[in-house]
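Trainee: I have a new structure open and I'd like to learn how to read it. Could you walk me through it?

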Amino acid sequence: MRLKRTVATVATLAIITICFGIYLTMDLAIFPNRKTSIQQEFQDNKWLHFEGRLKQLEKDLNKNHDAVGEIKQAIRHILPSSTENSNKIVKTIEEPMGMPAPISEMIFDSSCPIKVTYPPRNDIQMLEMYKDMKFDNPDGGVWKQGWNININENMWNKHHKLKVFVVPHSHNDPGWIKTFEEYYDSQTRNILNNMVDKLPEDPRRKFIWAEISYFSMWWKDLPAHKRDVVKKLIKSNQLEIVTGGWVMNDEANSHWISIANQLYEGHQWLHMNLNYTPVSSWSIDPFGMSATQPVLLKEIGLKNMLIQRVHYSVKKQLASQKDLEFKWRQLWDGTGETEIFTHMMPFYSYDIPHTCGPDPKICCQFDFRRLPNHGLNCPWRIRPQPITDANVQERSITLLDQYRKKSQLYKTNVVLAPLGDDFRYDHSVEWDVQYNNYQKLFDYMNSNRNLHVQAQFGTLTDYFNAVKAEKKLSEFSSLSGDFFTYADRDDHYWSGYYTSRPFYKRMDRILLYYIRSAEILLSLAHISGKPGSKWIAHKENGLDTIMTEARQALALFQHHDGVTGTAKDAVVNDYGQKMLDAILKCQNVVQRCTNLLLDGLGADNQASETIFYNVDDLRQKQDSLPEQYTITIGSEVSVKKVVIYNALTFNRHETVSFLVSTPFVEVLGYNDKRIPCQIAPIFEHLASMSQSKYKVSFVVNIPALSLVRYIINAINENEMPMESSLSTVQIYNLQADVEAPKGFENVDISLSPSEFTIQNARVTASFSEMGLLKAMRIGHQTYPVHLDFAKYGVQQQAERSGAYLFLPNGQATPLAASNTVVKVITGPIYSSVSVKIPYVQHTVTLFNTTGADSLGLEIENIVDIKETNNFELVMRFSTKINSTNEYFTDLNGYQVLRRKRFKKLPLQANYYPIPTGAYIEDSDTRLTLLTGSPGGGASLRSGEIEVMLDRRLMQDDNRGLGQGVVDNRPTRNIFRLLLERKTHKCQTTSDNHPSGFHTISAHVALETMMNPLMRMLRTDDNDVTSQTGYTPITTEFGVDMGLSSLKTGVILDNKEYLGMILHRKYLDICFSDRVLLKQFPLSDGTVNISGILPPSVANSKINRAPLTFLSIQESVDVQKKIPICPMDTKAFLLHR
């Protein structure tokens, strides 16, 4: 027995030794060039031992927490000497009492609608429906994408009449083939002028209008008596404003805050000018429908919505079930609290040939704009006929047959028949021929009782009211999910526009960042009580007007031919110039408010045009990449004061970088003590380095919603303090000499390529000889994560990829690259790897902080494909994560959906919008890719994820644009890549739950990437009056609770308010350790609004409000904690 036991023990030890040897071999293969064994490293180097790293990280975190507390305390002592209400402020600001025990779970009341442990029950769940659908496309006859509809005329009688609402409309794109202003001058003004003249001619006439950007422009020049006519038309229900947004927004690329802003701009205008609140939404042209749109419309207070562009197979399936009308609710909603009644149009398009019924050949005959000599024809070559006594019977029966057939696709006896198209009714004659001929048809139908029909013109809400009068909402199905990716016919999937014109998609996100940041600073300045605080947000003479103009520029770009990248080149340039002007306006607001809040001189001078601070983001042209200022300091001028602004509601410990003219600098913190900094050379072309500018980087500690001053000093070379570190520079595979800049004479140049690693306290990253990511290690485990770039070509057929469509010629092929020169910078603050491959300048940075920037790798791609033809570039990550056929993508930065890759669908159908991020996962590991600008992406194999970077197409895709996409510009894309492993046995959602949720790390990494710390340069470095910081907060939110908007100038019933929007995320905590929960604490499920307001207004009255602030709801005790459910959005009005 002893011998057997000994043999077994020896065998076991041998197996363990062999396995450990294999592990070492693999580890050395992925993380090469070790000078010591892995055992020695784990013994000798605490940074390579994960527990050691966590302990050090926790220690650094405690230091940073103390530093933030010191900053608040220092600012507290400053405030009494510079603020009117000093006693109140001293009394209210409390000292931090050390780090509280972290909350380790999402806390919320059981009454909240969110359900994650099981899939909420719905009658229709879109992902499940996709699993069952065949996606075949048989010829359906006259309804090509449907079937032959048969009717029984006996279905209707005098007690059971068919009710028909014909809804005249004109779809006006705020930019597409022409610019916004060109469309207005040539067509839209005429449409609205005709409307105000023609509708009063007959009280039975109705009309709907959607785009307030155009309506407000028209209103400015409208005489008073014409304005009175408009108001009467609205009051008499002849004119309905539908949705009421500034534009009809895109739903794939737009961020939810931008959608809310464009709705706010439209609704505020309607309230101030017409005292009008929309009831129903009209979304007929966006290319696919997001599940975020209905929840925002619900929060605004709308009751109904209509949608059109949905995959033809989905329409057919829902029509076959009579489920084209449904209660659309959120994926995680288990109570129905978020649902809104929705009508889906059944046919191919929203034009007249595809709206009266299933046969476009017949419907086209009832578009009287196509009468002879009216400029338009019917493709089916049967023209309309003017309605006369001789033909009214036959024409009425023919049209009624279409109405009856259409009714068979819905559960009620009410038919909606839109009557319009793009820029219709721009000639007065069209109003006459449409309304007069239809009225003759209605009169005949209604007067012949044996037809059993009641037909009339109607508004959209007229239709919805009739539907709800016939059936209870409980009799309609509930539906959850979204309607991406849209296909209008065959394999023509509209997944190309997710990426088209990425330069301007990036600009969209930058402008959103500036608007949100400037709004918050302007609000804080306005309520601060400081000199200048009264004028600064004045509705007419203050900065609020500038913010309105900036918001409207961003709102205009949310149009479904704006942020989508699907407009003519000249129109894109026009959008770009408007956004650039808006960015510059926001920068001006930011610097003026910063000067006021820091008690700078001149803050109370309304007429002053002085620039007190330069925002370190220099943008000179709308189509060029931004630059940073170079701070020129030396022996003559040795000091530069800078201010950092944190627009988020949690403390930030992150890296900021400035360009300086000398490598010999020191950085002083808010207390004028030195802090660590890292200086690096600037690479200009391949391996050449600038001789006149350098990058200085340092870690800042900025409390929530706060401003903190730092100082950069030039010093003598021989006086460099220990806190100032020159980066180590290594260049691999360089066959030439380089001229090293001052201070970096010891650049390490290798003639051959080599693999290497970079690391911080949480992450170790390994790179191939090409300089591309190869693997990542978290904890004790190494994971292959291979990054590469690939290209798609286009189909060699008549129909090819264009601005809208993605029609690839097969799988992507890797980009060929060889002999790359790899540049590596390392130091105590960050490490970076930079390589130039065809079409991409690729840089990976790993920060060494205790903040959100250190949780993963930051990737910057500067992409330039203007020398290519029919070329679509993607970045891919390949891992061994067993993600099978599932992946997760976000919608509008608001929520995350589970996706499945279907073999029955073409490649382009498995591409989805990625507005802010996507991830793949298996039972214990998750890889998350976060993006600073929207794009398209997919997981086309298990363990892989790819995102499209840019596309250049030489042809039109026959969707109306009339051009390819050939105006490509060098474009900067920013990503963050996080690899996470579950820290304990844990499952946030059930396996078949349709929702996904970001981890804490992914959430804060995304929020800080979307809202980077703003860097400002003081223009007067001799300034001694400005304070070293400003903070309004007394308590902080948890990271799951966000301040989405804080804006001045909200008008309701002629009174001005401050508007606040709060949004709470549900976060996946299964990937969180104790240090992470301390770094980024969760809320307790409540928020104390007074905690983020200056004490002078902390006792102000607050009321709940809808998302666009059109009414005052119940009052809220500002001093009490307000519970907010996860995935909920709450709006508040602060009385001034």
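Mentor: Let's go through helices, a sheet and some aromatic rings in turn. This is a predicted model, where local features need pLDDT of at least 70 and side-chain atom pairs count only at pLDDT 80 or more, while totals for chains, interfaces and linings use all residues. Residues are numbered from 1 along each chain as its sequence is written, and side-chain values use heavy atoms, with hydrogens and water left out.

Trainee: How many residues of α17 are buried?

Mentor: Buried means under 20% relative accessible area, exposed means over 50%, and partly exposed is in between (1.4 Å probe, protein chains only). In α17, 11 of the 14 residues are buried, including Ile546, Met547, Leu554 and Phe557. In α16, 25 of 25 are buried.

Trainee: Which elements do the buried residues of α17 pack against?

Mentor: Contact means heavy atoms within 4.5 Å. Among the partners of α17 are α16 (502-526), α18 (569-597) and β45 (1041-1052).

Trainee: Now the sheet. In what order do the strands with β45 come?

Mentor: Strands of a sheet pair through backbone hydrogen bonds, either parallel or antiparallel. Two strands count as paired if DSSP finds at least two bridges between them. Here 5 strands form an open sheet in the order β45-β46-β51-β48-β49, with antiparallel pairing. Its edge strands are β45 and β49 (1115-1116), each pairing on one side only. β45 is mostly covered, with 11 of its 12 residues buried.

Trainee: How many bridges join β45 to β46?

Mentor: There are 9, and the two strands run antiparallel; glycine 1042 stands opposite histidine 1063 in β46. They form a hairpin with 2 residues between them, and aspartate 1053 in the turn has a positive phi of about 50°. On to the next pairing: β46 and β51 (residues 1129-1135) share 7 bridges, with isoleucine 1061 opposite alanine 1131.

Trainee: And the rings: how many aromatic pairs are there?

Mentor: Rings of Phe, Tyr and Trp (its six-membered ring) pair if their centres lie within 6.5 Å; planes under 30 degrees apart are stacked, over 60 edge-to-face, and the rest tilted. By this rule the count is 52 aromatic pairs. Take phenylalanine 108 and tyrosine 1066: the centres are 6.1 Å apart and the planes at 75°, so this pair is edge-to-face. The two residues sit 958 residues apart in the chain, so to speak linking distant parts of it.

Trainee: Is phenylalanine 108 buried or partly exposed?

Mentor: Phenylalanine 108 is partly exposed, at 30% relative accessibility, whereas tyrosine 1066 is buried at 10%.

Trainee: Which charged residue lies over the face of tyrosine 912?

Mentor: A charge sits over a ring if NZ of Lys or CZ of Arg is within 6 Å of the ring centre and within 35 degrees of the ring normal. Arginine 899 does this for tyrosine 912, at 4.0 Å from the ring centre. Lysine 1065 lies over tyrosine 894 likewise, at 5.4 Å.

Terms used
Helices (H or I, at least four residues) and strands (E, at least two) are DSSP runs, numbered from the N terminus.
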